[in-house]
Number of protein chains: 2
Amino acid sequence: MNKVIECVPNISEGRDADKIKTIAGVIERPGARLLDLSSDPNHNRTVITLAGEPQAVAEAAFDVARAAIASIDLTHHHGEHPRMGAVDVIPFIPVGGVTMAECCEIAEQVGKRIGQELNVPVYLYAESARVPQRRMLPTIREGEFEGFAEKIKDPAWQPDFGPAERHPTAGCVAVGARNFLIAYNIDLDTSDVTIASRIAKTMRESSGGLMNVQARGIFLEDKQRAQVSMNILNFATTPLCRVFELVKMEAARYGVGIVNSELIGLAPAQAFMDVASYYLQLPGLSRDALVETRIYE
Amino acid sequence: MNKVIECVPNISEGRDADKIKTIAGVIERPGARLLDLSSDPNHNRTVITLAGEPQAVAEAAFDVARAAIASIDLTHHHGEHPRMGAVDVIPFIPVGGVTMAECCEIAEQVGKRIGQELNVPVYLYAESARVPQRRMLPTIREGEFEGFAEKIKDPAWQPDFGPAERHPTAGCVAVGARNFLIAYNIDLDTSDVTIASRIAKTMRESSGGLMNVQARGIFLEDKQRAQVSMNILNFATTPLCRVFELVKMEAARYGVGIVNSELIGLAPAQAFMDVASYYLQLPGLSRDALVETRIYE
């Protein structure tokens, strides 16, 4: 099989623990597993992480959407985080043995079912977007739940699936495929945060650095140390080893070394196979060479 | 859970495809999977690789032993490979999230059952050996099936489990825990095999090099290139990155570079996490940081 995807539905409920538990409780089944549940009461929002085989994850994601749409009423919702739906966004993410195109198919399948069976308007976003202005979630979400009563009547904001009017309590939802995001930080052997900021500037896509890299310099109070804090938006085209070596190279400009690097959260096995492949000069090394892959997939 | 072990029973049948299929057919069950079946007609021997959760693998290994003992008659067995039993050796190997001590417990459990329920004498070997002279399989196997009719009467060769006489058709069996063996080769940018042999000598334990490394220099006819061909017997204490960097360092003595390295067969994920941990200066990086580990274990 060798196909693993992740799905990270964001639901607009971050306070009612029972309700959150009920919604997340629909996930577990053969082939799909709940990995993480992260609620923020101020945002009044919960980030659910599930993963497993594509079809099982697709069905679990649909069931999450159904449960959220049935129980969350946005007419009474307040929170700091912008939102347009009871289930606000459902990204599908390739982890291993699966292409972005396959994740797009899953997103279309789930989006279509949400539109048809749950009567909620669906916008395909990110890699699944059919038009450029639907690639970025903030652009779609502009106006939020309240504004969509009118926004959806604009021909430019006809949904991709489902009815052409906002669901009275559940709003609308963005569904799409995107890459796995790796949160990766590098601690420098200096307390001078301006050095970290200058290195971050050379690294990030937005200021002419590496594609698929977001970076900023921060100061770690506890360690009294500067850090280059990064998101890597596509580890396949921009592997961790290239990011690490470029930061090391730029730090050397200031006579600064690297103390250590740090992974926040989880990452797909292939991200580290790519690192080992580079440094060991071992071409084509993939997760298929792992005993674990052969056992479980 | 997070516990994965491998088991590699060697059975003394490498010709009768139906019989081999029947024996290997007892393996698959929830938690245990047949990964590989490799028969050699000249050796008249089959190497079976299974893996999964410790308890499921233990039960599958016992079932393989029972099936082999029931159907293989060593009084009629001929082959180039030395052998003392219908099932000749059953090693249990930690892959991930499991200690050598736990694999030793599994080996004892399976060995005890083979002795008591199948009436076959069992020698605990490798890391499970209770006395030093039972660590090495060739020492135990000396005399082979035929010689064990007498050898087993020697008080020094009393079995650890089971009857104190050779099973009439199935002989006896070695059961024990050992480390995962990684077969790892490094190709040099030279056709001079004497350079590969000299590097191999500096690398291997037996001539004063790195512990847990076996190495030799060979010439690759097809590529007209010299190679340092190695077995790494304990990747936890002797990680791939250290082996690679030391070969690179020694090759530099001759003005020779590394073209590429190569993994033969499979390896546990942790072996590559250790490599990434070293080069990325990312302390404590383990397979627990993988999405895949969180899904499947």
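Mentor: Among the contacts in chain A between residues at least 6 apart in sequence, 71% join residues at least 24 apart. This is a predicted model, and what follows is computed from it.

The elements of chain A are nine helices and eleven strands. With a radius of gyration of 21 Å, close to the 19 Å from the globule rule for 297 residues, chain A is as compact as a globular protein of that length. The C-alpha trace of chain A spans about 60 × 45 × 40 Å along its principal axes.

The domain assignment divides chain A into domain 1, residues 4–177, and domain 2, residues 182–296. Between the C-alpha centres of these two domains of chain A the distance is 30 Å.

Next, burial and surface. Of the 297 residues in chain A, 54% are buried. The accessible surface of chain A is about 12,300 Å², and carbon and sulfur atoms account for 50% of that surface.

The core brings in chain B as well. The largest nonpolar core has 99 residues, and the ones with the most contacts inside it are A:Tyr184, A:Leu188, B:Tyr184 and B:Leu188. Leaving aside neighbours within four places in sequence, B:Tyr184 is in contact with A:Leu280 and A:Leu282 from chain A. In chain B, the contacts of B:Tyr184 include B:Val228, B:Met230, B:Ile232, B:Leu240, B:Val243 and B:Phe244. B:Ser229, B:Ser261 and B:Glu262 are also among the contacts of B:Tyr184. Apart from this core lies another, of 44 residues, including B:Ile11, B:Ile106, B:Phe145 and B:Val173.

That leaves the cysteines. A search of the whole structure finds zero disulfides over all chains. Take A:Cys172 in chain A: the closest cysteine sulfur, in A:Cys7, is 18 Å from the sulfur of A:Cys172, which is too far for a bond, given that a disulfide needs the two sulfur atoms within 2.5 Å. A:Cys172 has a relative accessible area of 0%, so this residue is buried.

In chain B, B:Cys103 is in no disulfide either, and the nearest cysteine sulfur, that of B:Cys104, is 7.4 Å away. B:Cys103 counts as buried because its relative accessibility is 0%.

How values were computed
Residues are numbered from 1 along each chain as its sequence is written. Chains are lettered from A and ligands numbered from 1 in the order in which they are written. This is a predicted model: local features need pLDDT of at least 70, side-chain atom pairs count only at pLDDT 80 or more; totals for chains, interfaces and linings use all residues. Side-chain values use heavy atoms; hydrogens and water are left out. A nonpolar core is a set of buried Ala, Val, Leu, Ile, Met, Phe, Trp, Tyr and Cys residues joined through side-chain atoms within 4.5 Å. Buried means under 20% relative accessible area, exposed over 50%, partly exposed in between (1.4 Å probe, protein chains only). Contact means heavy atoms within 4.5 Å. Domain bounds come from an automatic or database domain assignment. Helices (H or I, at least four residues) and strands (E, at least two) are DSSP runs, numbered from the N terminus. The radius of gyration is taken over C-alpha atoms; the globule rule is 2.2 Å times the number of residues to the power 0.38. Accessible areas come from the Shrake-Rupley method with a 1.4 Å probe; for residues, only the protein chains shown count as cover.
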